[in-house]
Amino acid sequence: MTVCLLLLSAVALAAAVPVPRALTRAAWPERDPVVALWVWQCLVATVLLCCLAALVLSTAAVFHTVRHHVFAPAPPAVTAAYDLSAAPPWAATLTLLLACGAAWTTAMLARELVEARRRRGQARAHLRERAPDLPAGLPAARGPLLVLEDEYPDAWWMPGNPPQLIVTTGALHRLTDHQLDAVLTHERGHARARHDWLLHLSTALATGFPRIPLFAHFCDQTHRLVELSADDTASRRCGHLTTALALIELNQHRGVLSCASTHRLLGERVDRLLEPQPRLGPRHRALTTTVAALIPLLPLLIAFAPGLTALS
């Protein structure tokens with residue numbers, strides 16, 4: 001069992017510290033943000049599975065009742081292969097730390113979901129107040145697209161079932177028909193990919209564990225890559241130039257081309273659209289996604305290796 005715990009710790013540390021830092025320095029995620037999002041999710045899943053597997057093994061070693069329930073269906077040879085009776089003295093401390101980490105992670109996720117639901121409810125109530133009066137029989141703020149009377153040019157999407165697109169009259173006046181189509185396609189790209197769930201997950205992990213590099217980078221990169229992914233969705237339908245011009249027109253008053261940190265991403269998005277780079281080839285995409293999908297299997301392989309060896 002000690003070997004399993006050490007291997008799980010090594011895999012978790014590798015996936016949580018050096019790999020995220022190397023991934024943030026790589027250039028290819030900007031070329032294919034969808035694949036990059038998949039890689040980040042696989043890294044996070046790897047760390048969480050390592051912690052979960054270590055928690056199960058250490059708890060089974062410390063508590064006889066848990067050991068009995070976990071290994072009840074297994075033959076005696078499998079139980080003997082894990083050597084749970086000879087638990088190391090630090091197993092109890094590890095179990096306590098992992099249990100606290102699991103409880104804290106669950107609390108952070110629940111808190112983020114509750115807060116997101118509360119913010120969404122407040123936003124919908126605010127939209128109902130701002131929605132223009134329409135003739136009787138027409139819904140005011142229940143359609144898939146809501147137009148608000150506001151000189152401030154803006155467009156965004158609100159998660160829900162179904163998701164709702166909101167655009168102001170200022171945006172309608174400033175954008176051409178093709179540019180408006182690009183903006184709405186961008187927002188639909190967010191809605192169809194359910195990017196809100198990724199944002200909630202990354203925010204909860206980064207808030208709960210701010211000193212773990214993986215979760216901090218995962219949050220920053222997720223907020224960046226979902227925008228690049230939605231930009232690609234819009235550019236494939238409406239063209240790179242139209243999408244770039246739509247971003248400039250919609251955000252010009254915010255300083256889209258400034259060097260301020262809050263606006264830097266908008267400038268990078270415009271530059272990326274005006275100077276598109278070749279995406280990853282099909283073979284590279286398939287290889288990257290396959291390798292990333294295999295990484296979360298490492299914790300499971302390490303955890304089940306002693307039992308599989310005993311059965312063979």
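1. **Ground rules.** The model is predicted, so local features need pLDDT of at least 70 and side-chain atom pairs count only at pLDDT 80 or more, while totals for chains, interfaces and linings use all residues. Residues are numbered from 1 along each chain as its sequence is written, and side-chain values use heavy atoms, with hydrogens and water left out.

2. **Overall picture.** The protein has 15 helices and three strands. Both kinds of element are DSSP runs numbered from the N terminus: helices are H or I with at least four residues, and strands are E with at least two. The C-alpha atoms fill a box of roughly 75 × 45 × 35 Å, taken along the principal axes.

3. Of the 312 residues, 41% are buried. Buried means under 20% relative accessible area, exposed means over 50%, and partly exposed lies in between, using a 1.4 Å probe and protein chains only. Contact means heavy atoms within 4.5 Å. Take the contacts between residues at least 6 apart in sequence: 66% of them join residues at least 24 apart.

4. **Helix α7.** This helix covers residues 91-130, which is 40 residues. From first C-alpha to last it reaches 58 Å, close to the 58 Å expected at 1.5 Å a residue. The expected span is 1.5 Å times one less than the number of residues. Buried residues in α7 include Ala 91, Leu 98, Met 108, Glu 112 and Leu 127. The buried residues of α7 pack against α4 (33-62), the strands β1 (145-148), β2 (155-158) and β3 (164-168), and α10 (195-208).

5. **Leu 23.** Look for Leu 23 in helix α2, residues 18-25. Leu 23 is buried, at 11% relative accessible area. Set aside its neighbours within four places in sequence, and Leu 23 is in contact with Trp 28, Pro 29, Val 39, Trp 40 and Leu 43. Leu 23 and Ala 293 are 270 residues apart in sequence, yet 16 Å apart in space, C-alpha to C-alpha.

6. **Helix α9 by itself.** Helix α9 has 17 residues. Its reach is 24 Å from first C-alpha to last, close to the 24 Å expected at 1.5 Å a residue. Among its buried residues are Leu 180, Val 183, Leu 184, Glu 187 and Ala 191.

7. **α9 against α11.** Two packed helices are described by the angle between their axes and the distance between the axes. Axes are lines fitted to C-alpha atoms, for helices over the stretch in contact, and angles run from 0 to 180 degrees between N-to-C directions. Helix α9 (residues 177-193) and helix α11 (residues 213-238) pack at about 135 degrees, with axes 8 Å apart. That makes α9 oblique to α11. The cut-offs are these: under 35 degrees is roughly parallel, over 145 roughly antiparallel, 65 to 115 roughly perpendicular, and the rest oblique.

8. **Who meets whom.** From α9, the contact with α11 uses His 178, Asp 181, Ala 182, Thr 185, His 186, Gly 189 and His 190. Their partners in α11 include Val 226, Glu 227, Ala 230 and Asp 231. By class, this contact has five nonpolar, six polar and four charged residues. Here Ala, Val, Leu, Ile, Met, Phe, Trp, Tyr, Cys and Pro count as nonpolar, Asp, Glu, Lys and Arg as charged, and the others, Gly among them, as polar.

9. **Thr 185 close up.** Thr 185 is found in α9. It counts as buried, at 7% relative accessibility. Not counting residues up to four places away in sequence, Thr 185 touches Thr 233, Ala 234, Arg 237 and Cys 238.

10. **α9 against α12.** The axes of α9 and helix α12 (residues 240-251) come within 8 Å and cross at roughly 90 degrees. That makes α9 roughly perpendicular to α12. On the α9 side, the contact is made by His 178, Gln 179, Ala 182 and Val 183. On the α12 side, the residues include Thr 242, Leu 245 and Glu 249. The residues of this contact divide into five nonpolar, four polar and one charged.

11. **The end of α9.** Is Arg 192 buried or exposed? Arg 192, found in α9, is exposed, with a relative accessible area of 69%. Arg 194 lies in the loop between α9 and α10. Arg 194 counts as partly exposed, at 38% relative accessibility. Its phi is positive, about 55 degrees, although Arg 194 is not a glycine.
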